[in-house]
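The sequence and structure come next.

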Amino acid sequence: MDKTTKTPSETKANPLVTVLIIVGALALVVVIILLARAPGVRRTDNEAGYHPPPVRSGVNPADKDAIAILKLALESDDPKKTLKATYRLSYLAIPDLKEGMLSLKERGLIWDYIQLLPELHHLDYENAEKDLSEYLKAADLQMVVSALEALARMPPMSCREAFVDCLSQPHMDMAIGCSKVLRKWRESDEEINKILLNIMRNAPVDFSQVAAAAALYDLGVEREEAWEEIRYWSDNADMELAPSLVIFLKYSGDHRAGETIALMLDKSMTRTVALSGLVNLDWPGKLEAIDEYKDAATGVETNLFVVIREATTGKSKLDDILTDLLSESQEDDSGVKLNESQRIMVLNSLVTALKEWHNPRVLPYFERIIEGAPRLLRMEVSRALRKFEGNRKAIDLATELLGRAEDERELGEHATTLGYIDGGRSVATLHDLMVNMDDEDTKMTLAWAILNINRDHPHKYPRR
């Protein structure tokens, strides 16, 4: 045997190899810890950060017709018609519309132009970031707020200098607007983090402190301190602050979210929004936390208690309650039969509670409700379906509602729903309606729906 060849036992016994393995493992652990603590690193327990929208021309005849309709409105001499097009074009970076977007500035339609600067950036307009930076430095507060809304759709750290100037301003709207941008980006740097920490610790307005804390938590910076700030304000929330807190908490993915939302149950003015935030949370103490408030509940709160129990255990009276309401023989607390308008009001209250349940198990209840439901109730159900992108049952219900629409307003609501959730099956129907539609608003809504579907829904339905 070759004397230079070592046997497995000899290699295993070599202390140098053992030391190298240990050092390598320790180095890997250190790298993982540093990456986890790095500012702006994306965590796995929150929604994904920024990603660019697709840039795509017409993909089929229906798509090309939809583009033509929005192009005509975008380039119209009527500013009101132009506005109807521009507010529908967020996230839709379509090459055929680039010239119309660029012309907005020349026509003096600055607000419309600001709104579409992110789309122009994605269409390779070289001055988009420069122009947006200028608007972020404007003296007009509302113009700056609009520019911040557009900045959230730009790549992370775009217009950094102007953005830092905005974040440094001692104004609640700046703190809230900049925090929303950072939560969309999921990226920051050391200077931005320091400013956020100062806002969270020292801002004189509760909304500013909460906004900064939410941004820091999502960025992975001083998370425990940020959570304690959120918890403090949850325990001291009023009816104006509570909705912002609950929206953050229920989507945070943190295991402490349920108990923190429950802090808002004690006050009657924050109880309804707290109950809505608990519907989808998997928290062992949920039913116990809400039980002490059940007997005093009325209206939407009563329905939220039922929906929470159904979502948690599947053992509630929801099915019986809905059966009674749909049988047209429902009685009030004094035993008097409800008239039609009263029954619809009670049904609408139930739909309001069901809208908070983001699980496909809710869809059979919506299916029962829309059978024979009046127009306004059908529209409410349609809006509730927008959370279920790609769900076949939800798409079928929205398609059914589209076919039952009584007027252009209702048609537009159901088309919007399909624009958020459909995978393409409804495009032909939407196209037929679009080319035969006289109402301008509805025609553009149908066009938007087709474009959003054909680009795989870059414009997602807002979480709130």
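## Basis of the model

This is a predicted model, in which local features need pLDDT of at least 70 and side-chain atom pairs count only at pLDDT 80 or more, while totals for chains, interfaces and linings use all residues. Residues are numbered from 1 along each chain as its sequence is written, and side-chain values use heavy atoms, with hydrogens and water left out.

## Helices H11 and H13

Helices (H or I, at least four residues) are DSSP runs numbered from the N terminus. Helix H11 spans residues 172–185 and helix H13 residues 206–219; their axes come within 9 Å and cross at roughly 15°. Axes here are lines fitted to C-alpha atoms over the stretch in contact, with angles from 0 to 180 degrees between N-to-C directions. H11 is therefore roughly parallel to H13, a term for angles under 35 degrees. The crossing of H11 past H13 is left-handed, that is, the near helix is turned anticlockwise from the far one by less than a right angle.

Contact means heavy atoms within 4.5 Å. On the H11 side it is made by Met172, Ala175, Ile176, Ser179, Leu182 and Arg183, and on the H13 side by Phe207, Ser208, Ala211, Ala212, Ala214, Ala215, Asp218 and Leu219. By class, the H11 contact with H13 has ten nonpolar, two polar and two charged residues. Ala, Val, Leu, Ile, Met, Phe, Trp, Tyr, Cys and Pro count as nonpolar, Asp, Glu, Lys and Arg as charged, and the others, Gly among them, as polar.

## Helices H17 and H19

The axes of H17 (residues 268–278) and H19 (residues 300–313) come within 9 Å and cross at roughly 30°. That makes H17 roughly parallel to H19. H17 passes H19 in a left-handed crossing.

From H17 the contact takes in Ser268, Arg271, Thr272, Leu275, Ser276 and Leu278; from H19, Val300, Glu301, Leu304, Phe305 and Ile308. The contact of H17 with H19 has six nonpolar, three polar and two charged residues.

## Cysteines

The structure holds zero disulfides, a disulfide being a pair of cysteine sulfur atoms within 2.5 Å. For Cys159, the nearest cysteine sulfur is that of Cys166, 9.4 Å away. For Cys178, the nearest is also that of Cys166, at 5.2 Å.

Cys159 is buried, at 3% relative accessible area, where buried means under 20% (1.4 Å probe, protein chains only). Cys178 is buried at 0%.

## Thr417

Thr417 lies in helix H25 (residues 408–421) and is buried, with 0% relative accessibility. Leaving out residues up to four places away in sequence, Thr417 touches Ser382, Arg383, Leu385, Arg386 and Ala398.

Technical notes. Buried < 20%, exposed > 50% of the residue type's maximum accessible area, 1.4 Å probe, protein only. Helix = DSSP H or I, 4+ residues; strand = E, 2+ residues; numbered from the N terminus. Parallel < 35°, antiparallel > 145°, perpendicular 65-115°, else oblique.
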